Amino acid sequence: MIDTLNARLDSFKETIQTRDFLEGKGLSNEVNIRIFCYDPSDEMKVRYYVEQLLKDDSLKCNLIIRNLYDAFLDICENKRLLDKISAKEEQRGSEKLLSSLKGARKVQNFVEQIQFEPQETGDVLLLTGVGEVYPFLRLHTLLEALQPAIPKIPIVVMYPGSFDGHQLTLFNKLQPNDYYRAFNLI
């Protein structure tokens, strides 16, 4: 078992470049969704590592990174809500704000922001910002919606929490959500 974060990240980089990973071999015809769990206190280290991956010209895959929080901000901007959010929260409180953003929080809006064409062999979709976008979006609902939209390439989620193969526990503290279609990457 790989224990240190740096060793796990190095293993992550190696894994996403292998032919078996890119082709989804060994998954028994399951969807190629993988979760890379890490301790939430390591968030800044993981972000830095992802930034460095973007600059790595030696990668043997095409890494497409989508930050879920940035996607949420884009959705709010497109719906002309972004400039109003802070005033709404101040006037009505966090709970009312969350409720008032229901339309922007629709999972299909996120799918549209994340989706890209063409999806080609060698592409890897890397989702980041899972902790940042909470409580506006829960990962298990997004992954269910992404399966038909991005069926041909592997999806990797950088997850600040734990996944035991059955339940995702954000920040290792929140109520876990069942999700059975993903696999731990490392």
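Which residues gather in a patch of negative charge on the surface? Asp70, Asp74, Glu77 and Asp83 do. Some notes on this and the rest follow.

1. Before anything else: this is a predicted model, where local features need pLDDT of at least 70, side-chain atom pairs count only at pLDDT 80 or more, and totals for chains, interfaces and linings use all residues. Residues are numbered from 1 along each chain as its sequence is written, and side-chain values use heavy atoms, with hydrogens and water left out.

2. Back to the patch. Its members must have over 30% relative accessible area and no salt bridge, with like charges joined within 9 Å; Asp and Glu count as negative, each charge being placed at CG of Asp or CD of Glu. Areas come from the Shrake-Rupley method with a 1.4 Å probe, and only the protein chains shown count as cover. Asp70 sits in helix H4 (residues 68–78) and is partly exposed at 42% relative accessibility. For the wording here, buried is under 20% relative accessible area, exposed is over 50%, and partly exposed is in between. Helices (H or I, at least four residues) and strands (E, at least two) are DSSP runs, numbered from the N terminus.

3. Strand S3 (residues 123–128) is mostly covered, with 6 of its 6 residues buried. Asp123, Leu125 and Leu127 point one way, while Val124, Leu126 and Thr128 point the other.

4. S3 has partners too; strands pair if DSSP finds at least two bridges between them. Strand S2 (residues 62–67) runs parallel to S3 and is joined to it by 6 bridges, with Ile65 partnering Leu126. Strand S4 (residues 155–163) is also parallel to S3, through 3 bridges, and there Leu125 partners Ile155.

5. On to salt bridges (a side-chain nitrogen of Lys or Arg within 4 Å of a carboxyl oxygen of Asp or Glu): the structure holds 5. One of them joins Lys13 and Asp56 at 2.5 Å, N to O. Lys13 is in helix H1 (residues 5–15) and Asp56 in the loop between helix H3 (43–55) and S2, so this pair ties together parts 43 residues apart in sequence. Lys13 is partly exposed at 24%, whereas Asp56 is buried at 19%.

6. Glu23 and Arg19 also form a salt bridge, their closest N and O atoms 3.2 Å apart. They are 4 residues apart in helix H2 (residues 19–23), so about one helical turn separates them. Arg19 is exposed at 61%.

7. Finally, Glu43, Arg47 and Glu132 are linked in a network of salt bridges.

Key
Patches are made of residues with over 30% relative accessible area and no salt bridge: like charges are joined within 9 Å, nonpolar side chains (Val, Leu, Ile, Met, Phe, Trp, Tyr) within 5 Å. Buried means under 20% relative accessible area, exposed over 50%, partly exposed in between (1.4 Å probe, protein chains only).
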